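Here is a friendly set of notes to read alongside the model. Have the viewer open and follow the points in order.

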Amino acid sequence: MIVKLATNDLRTRYGTFQEALYYDGQKESIALYRGKLEGAEEVLVRVHSSCIFGHYFNSIECDCQEQLDGSQRMIDAADQGIIILLDQEGKGNGHFALLNSVSHKRKGEKQADAYEAVGFKKDARNFAAAGKILKDLGVKSVIMLTGNPGKVATLEAQGITVVGTKAIEA
């Protein structure tokens, strides 16, 4: 189940987007989009998880903000696309896990391994809400702005046609 609660336009550094707030019974998710989406094919889509370090504190220890900025630039250039923001801080483990994993990451461990080293899952995220949002927006097929095969597999399992992936341009 996914319910669209509200929509409005949002002016950004990358132009005006539409914003839709969704609720799945447990968490809110946001779709930021541009262009005609109903029945559209090969729509650029970024499924993005929240990151307090990168989005609020301008941390140089992650590339979350750069990925978000790059996705907005690419969608602006194409004049069509969707960014779905999921409330999944710390790869779904929460901010506590992120704070506890920092010392391991600073020693050179990959973030996923750092989470595991402090007793959390490497990646506890669930991308199911993104598939439901894409269905609600009516897209026919998507090109994912990601290098994460888990995101692609989850969307495909929900009946979303993923025709490819594309690296986010910096």
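**Notes on the predicted model**

1. Let's begin with strand S4, where seven of the seven residues are buried, so S4 is largely enclosed by the rest of the structure. Please bear in mind throughout that this is a predicted model. Val 43, Val 45, Val 47 and Ser 49 point one way from S4, while Leu 44, Arg 46 and His 48 point the other way. In a regular strand the side chains alternate between the two faces of the sheet. In S4 the residues pointing either way are all buried, Arg 46 and His 48 among them.

2. Which strands does S4 pair with? S4 runs parallel to S5, joined by five bridges, and parallel to S6, joined by three bridges. If you want places to look, Val 47 has Ile 84 of S5 as its bridge partner, and Val 45 stands opposite Met 144 in S6.

3. S1 and S2 pair in the antiparallel sense over nine bridges and form a hairpin with two residues between them; Thr 12 is bridged to Gly 15 of S2. S2 is also joined to S3, again antiparallel, by six bridges, and Glu 19 stands opposite Leu 32 in S3. The hairpin of S2 and S3 has four residues between the strands, and Gly 25 there takes a positive phi near 100°.

4. Now for the packing. The largest nonpolar core has 25 residues, of which Ile 82 and Leu 134 touch the most other members. Two or more residues each come from strands S2 (15-23), S3 (28-34), S4 (43-49), S5 (81-86) and S6 (141-144), and from helices H5 and H6 (149-157). H5 gives the largest share, five residues. A second, separate core of 10 residues includes Tyr 14, Phe 17, Leu 32 and Ile 143.

5. Beyond its neighbours within four places in sequence, Ile 82 is in contact with residues including Val 43, Leu 44, Val 45 and Arg 46. The contacts of Ile 82 also include Ala 31, Leu 32 and Tyr 33, as well as Ile 75, Leu 134 and Leu 137.

6. From there, step to Leu 137, which is found in helix H5 (residues 128-137). Is Leu 137 buried or exposed? Leu 137 has a relative accessible area of 8%, and therefore counts as buried. Not counting residues up to four places away in sequence, Leu 137 touches Lys 4, Tyr 22, Ala 31, Tyr 33, Leu 37, Glu 38 and Ile 82. Leu 137 and Glu 38 are 99 residues apart in sequence, yet their C-alpha atoms are 6.2 Å apart in space.

7. Helix H2 (residues 64-78) has 15 residues and reaches 21 Å from its first C-alpha to its last, close to the 21 Å expected at 1.5 Å a residue. Its buried residues are Cys 64, Leu 68, Asp 69, Gly 70, Ser 71, Gln 72, Met 74 and Ile 75. The cover over these buried residues includes S1 (3-12), S2, S3, S4, helix H1 (52-56) and S5. Just after H2, Asp 79 takes a positive phi of about 60°.

8. Arg 125 sits in the loop between helix H4 (111-117) and H5, and counts as buried at 18% relative accessibility; the cut-off for buried is under 20%. Its side chain makes a polar contact with the side chain of Asp 123 at 2.7 Å. Leaving aside neighbours within four places in sequence, Arg 125 is in contact with Ser 49, Gln 88, Lys 91, Gly 92, Asn 148 and Lys 151.

9. Lastly, the cysteines. How many disulfides does the structure hold? The structure holds zero. The sulfur of Cys 51 is 3.5 Å from its closest cysteine sulfur, that of Cys 64, which is too far for a bond. For Cys 62, the closest cysteine sulfur is that of Cys 51, at 3.6 Å, also too far for a bond. The cut-off for a disulfide is within 2.5 Å. Cys 51 counts as buried at 9% relative accessibility, whereas Cys 62 counts as partly exposed at 22%.

Notes
Residues are numbered from 1 along each chain as its sequence is written. This is a predicted model: local features need pLDDT of at least 70, side-chain atom pairs count only at pLDDT 80 or more; totals for chains, interfaces and linings use all residues. Side-chain values use heavy atoms; hydrogens and water are left out. Buried means under 20% relative accessible area, exposed over 50%, partly exposed in between (1.4 Å probe, protein chains only). Contact means heavy atoms within 4.5 Å. A polar contact is a pair of N or O atoms within 3.5 Å; within protein, one must be able to donate a hydrogen and the other to accept it, and residues adjacent in sequence count only if both atoms are side-chain atoms. A nonpolar core is a set of buried Ala, Val, Leu, Ile, Met, Phe, Trp, Tyr and Cys residues joined through side-chain atoms within 4.5 Å. The expected span of a helix is 1.5 Å times one less than its number of residues. Two strands pair if DSSP finds at least two bridges between them.
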